[in-house]
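Please read them with the structure open.

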Amino acid sequence: MITETTPQALDRSYAPTAQHQRVVFSDFDGTITAEETFVALLKAFTPQLSAELMPEMYARRLTLREGVRRLLESIPASQYPEILEFSRSKTMRPGLPEFLDFLDRHQVPFVVISGGVRGMVETVLGDLQPRMAGIHAVDLDVSQDYCRVIPTYEDGTELVAKVNVMAQYPCQEAIAIGDSITDLNMALAAPVVFARDRLAQYLDEQGKAYIPWNDFFEIRDYLAQRWEK
């Protein structure tokens, strides 16, 4: 197992202060959810364009900002209710409520930063929404013929610039949890990173240390050993 270390690269927009001792920043799709919900949605609602663009984004030849925008804005706005309905059956990875209980005991905020659609995130979280210190995701304008991305968190190569969102929650120690390319900059900016799947591969390439994980019980138990000595 690889242990955490000080990140080799920090985004200059992320400047921790002592407002909170710790904050946990979590991806949503494939992290909170047990499967890649947003990717599955794009494949279902825009299959041909997804087949063309997703490999380019994973290979980092096409920016997330451009690729995800093109995919979302190819979907008719009339299908937005179907998008939300598509999300309702998606299951969460085991252990999230128990992990939130653990964070509450330690007074550590839990912030969701998703590269997916806000409506999907809120639909899946359901009754857990009030327990989030913040939910940041892609907002859509569905008042016209096609979905339009509202550029709330857009910056650089990202449609949701996660490091910029992290800067809204200054702390002494940031803990990042993720699984894919959308989490790479967030992971590079956090001293403690829990990574799985594609994110682990990207961090191996970057030489950035991380803690492998499968569910939120494992993250809770690992942090309990660190925090409750």
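1. Terms. A cavity here is a set of grid points where a 1.4 Å probe fits but cannot get out, and its lining residues have an atom within 4 Å of a point. Keep in mind that this is a predicted model.

2. Rolling a probe the size of a water molecule over the atoms shows where empty space is left. With a threshold of 30 Å³ or more, the count is 3 cavities. The largest cavity holds about 220 Å³ of space. The second largest cavity holds about 60 Å³.

3. Lining of the largest cavity. Which residues lie nearest the centre of the largest cavity? They are Asp29, Phe38, Val39, Tyr58 and Thr182, out of a lining of 18 residues. Helices α1 (37-45), α2 (47-58) and α3 (64-72) and strand β2 (110-117) each give at least two residues to this lining. By class, the lining has 9 nonpolar, 5 polar and 4 charged residues.

4. Second largest cavity. Its lining consists of Leu64, Val68, Gly115, Val138, Glu158, Leu159, Val160, Lys162 and Thr182. The classes come to 5 nonpolar, 2 polar and 2 charged. Thr182 deserves a look: this residue lines the second largest cavity, and Thr182 is also among the residues nearest the centre of the largest one.

5. The open site. The largest pocket has a volume of about 190 Å³. Its lining is Met57, Arg60, Leu62, Thr63, Leu64, Thr157, Glu158, Ile181, Leu184 and Asn185. By class that gives 5 nonpolar, 3 polar and 2 charged residues. Leu64 and Glu158 line this pocket, and both line the second largest cavity.

6. Helix α3. Leu64, Gly67, Val68, Leu71 and Leu72 are buried in α3. Down the helix axis these buried residues fall within an arc of 125 degrees, so they line one face. An α-helix has 3.6 residues a turn, so residues three or four places apart point the same way. The cover over the buried residues of α3 includes α1, α2, β2, β3 (134-141) and β4 (148-150).

7. Helix α5. Here, in residues 96-105, the buried residues are Leu96, Phe99, Leu100, Phe102 and Leu103. Their arc around the axis is only 155 degrees, which puts them on the same side of α5. They pack against β1 (20-26), β2, α6 (118-125), β5 (171-178) and α10 (216-227). Just after α5, Gln107 has a positive phi of about 55 degrees. That backbone angle is worth checking by eye.

8. Thr37. Beyond neighbours within four places in sequence, Thr37 is in contact with Asp29, Phe86, Lys90 and Met120. Asp29 is also one of the residues nearest the centre of the largest cavity.

9. Lys208. This residue sits in the loop between α9 (197-206) and β7 (211-212). Lys208 counts as buried because its relative accessible area is 3%. What do its side-chain polar atoms meet? A polar atom of the Lys208 side chain lies 2.8 Å from the backbone oxygen of Ala187. For the backbone oxygen of Ala190, the distance to a polar atom of that side chain is 2.8 Å.

How values were computed: Residues numbered from 1 in each chain as written. Predicted model: local features only at pLDDT ≥ 70, side-chain atom pairs only at ≥ 80, totals over all residues. Heavy atoms only, no water. 1 Å grid on protein atoms, 1.4 Å probe; cavity = no way out; pocket = protein on both sides within 12 Å on 5 of 7 lines; lining within 4 Å. Points joined across faces, edges and corners; volume = space filled by probe spheres on them. Helix = DSSP H or I, 4+ residues; strand = E, 2+ residues; numbered from the N terminus. Nonpolar A, V, L, I, M, F, W, Y, C, P; charged D, E, K, R; others polar. Contact = heavy atoms within 4.5 Å. Buried < 20%, exposed > 50% of the residue type's maximum accessible area, 1.4 Å probe, protein only. Arc of directions from axis to C-beta. Polar contact = N/O pair within 3.5 Å; in protein donor to acceptor, adjacent residues only side chain to side chain.
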